[in-house]
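Let's take a walk through a protein together, one feature at a time. Have a look at the sequence and the 3D view below, and then read on.

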Amino acid sequence: MSGDLDKRGANVTEVVDEPRVSGRDVLGRTLKYLREKAGRSLGQLSEETGYDKSYLYRLETGERLSKMTVMEDLDSYYGCGDLLVSHWKIARIEAFKDKYKEYMRLEAAARVMRVYTPDVPGLLQTEEFAREVLSGPGTTDQDAEAIEEQVAARLGRQLPLRRNPAPSVRFIIDELAFRRPSASPETWEGQLRHIEVVAQWPNTVVQVLPFSADIHELMRKGSLTLLWQEDGSAVAYTEGDSSGLLMDDPEDVLRHRLSYDRLRDLALSPSDSLAFIRDVLEELGS
């Protein structure tokens, strides 16, 4: 909105409704600008970077969202620091539905994270496992691009786990997640080994909730995530098969924190959980 005086001295107010520019659009325009500034055609860029010409075109038009490693390569190619990676981190949030965006923002900035899930959590999934789980048996070639975007977005969520200072993260994972693999044997073994490695990171704790824990109060809610920000504010997020609920009311957060604490007491200790995961790997190899 802008206010100006016309020739007669009257105040003229003009309202301009401009379409919202998405983070993906900004990333695409930046990619095109850098390429043209470097004096490269799409064909030349393809030859010099090894990326398919049509793929590069779709990145520039905002039709595709790459993996972060692609942006790292192009940042290095253009010598522009981490400009493209920075734009990508904003654009990746848009790969999620609007109702998850606020949660994604809070998750990315959280200093403390407490997660319970009956499945392998997205924050711990390998690229191969995520692709197989998101694809499913009925996936068509037409779905492939959308799935790749979801995989890239899911892997992007994991970046804050390794930032400095790293957040304090605890995962409680139901035993069922380890007893019913959702991927090919090779992918499943790679997934288990990744969880084994992450469980030994200094900022991360992984606990297995055994079948002996029986029925518990979080079973009907699906997964639960508790996030604390640097300013001390906290939220609770529950997610089932078809919906998610983000809660910032202190009473709701406290109630879910107490539920989580009770579940933690039912889970195997971190050392016993690591031994459990290694036993599953041995069974897989036998």
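E230 forms a salt bridge with R111, and the closest N and O atoms of the two are 3.7 Å apart. Now look for them along the chain. E230 sits in the loop between β6 (223–228) and β7 (234–239), while R111 sits in the loop between α6 (98–109) and β3 (112–117), so the pair links distant parts of the chain, 119 residues apart. How open to the outside are the two partners? E230 counts as exposed because its relative accessibility is 67% and the cut-off for exposed is over 50%. R111 is partly exposed, with a relative accessible area of 29%. Keep in mind that you are looking at a predicted model.

The protein has 286 residues, and 43% of them count as buried. Its secondary structure comes to twelve helices and eight strands. Among contacts between residues at least 6 apart in sequence, 69% join residues at least 24 apart. The accessible surface comes to about 15900 Å², and 49% of that belongs to carbon and sulfur atoms.

Back to the salt bridges: how many does the structure hold? There are 17 salt bridges. One of them joins the side chains of R24 and E149, at 3.2 Å from N to O. R24 lies in helix α1 (residues 23–37) and E149 in helix α8 (residues 141–157), so this pair ties together parts that are 125 residues apart in sequence. Are these two partners buried or exposed? R24 counts as buried, with 14% relative accessibility, and E149 counts as buried too, at 13%. The reasoning is simple: both values fall under the 20% cut-off, so both residues get that label.

Another salt bridge stays within a single helix. The side chains of R193 and E189 meet at 3.2 Å, N to O. Both residues lie in helix α10 (residues 185–198), four residues apart, which is about one turn of the helix. R193 counts as partly exposed at 40% relative accessibility, and E189 counts as partly exposed at 32%. Salt bridges can also link up: K67, E127, R131 and E148 are joined in a network of them.

Next, turn to the strands. Six of them form an open sheet in the order β5-β4-β3-β6-β7-β8, with mixed pairing. Which strands lie at the edges? They are β5 (204–209) and β8 (244–247), each of which pairs on one side only. From one strand to the next, the twist averages 10°. You can follow one of the pairings in detail: β7 and β8 pair in the antiparallel sense over four bridges. Here A236 stands opposite M247 in β8. A helix joins this picture as well. Helix α11 (residues 250–266) packs on the sheet, touching β3, β4 (168–174), β5, β6, β7 and β8. The direction of helix α11 makes about 115° with that of β6.

Our last stop is the aromatic rings. A pair of aromatic rings is described by the distance of the centres and the angle of the planes. The structure holds five aromatic pairs. In one of them, Y77 and Y78 are edge-to-face, with 5.0 Å from centre to centre and 80° between the planes. Y77 counts as partly exposed at 28% relative accessibility, whereas Y78 counts as buried at 16%.

A further pair brings together F129 and W188. The centres of their rings are 5.9 Å apart and their planes are at 40°, so the pair is tilted. F129 lies in helix α7 (residues 127–135) and W188 in helix α10, so the pair ties together parts that are 59 residues apart in sequence.

Methods
Residues are numbered from 1 along each chain as its sequence is written. This is a predicted model: local features need pLDDT of at least 70, side-chain atom pairs count only at pLDDT 80 or more; totals for chains, interfaces and linings use all residues. Side-chain values use heavy atoms; hydrogens and water are left out. Helices (H or I, at least four residues) and strands (E, at least two) are DSSP runs, numbered from the N terminus. Buried means under 20% relative accessible area, exposed over 50%, partly exposed in between (1.4 Å probe, protein chains only). Contact means heavy atoms within 4.5 Å. Accessible areas come from the Shrake-Rupley method with a 1.4 Å probe; for residues, only the protein chains shown count as cover. A salt bridge is a side-chain nitrogen of Lys or Arg within 4 Å of a carboxyl oxygen of Asp or Glu. Two strands pair if DSSP finds at least two bridges between them. Axes are lines fitted to C-alpha atoms, for helices over the stretch in contact, and angles run from 0 to 180 degrees between N-to-C directions. Rings of Phe, Tyr and Trp (its six-membered ring) pair if their centres lie within 6.5 Å; planes under 30 degrees apart count as stacked, over 60 as edge-to-face and the rest as tilted.
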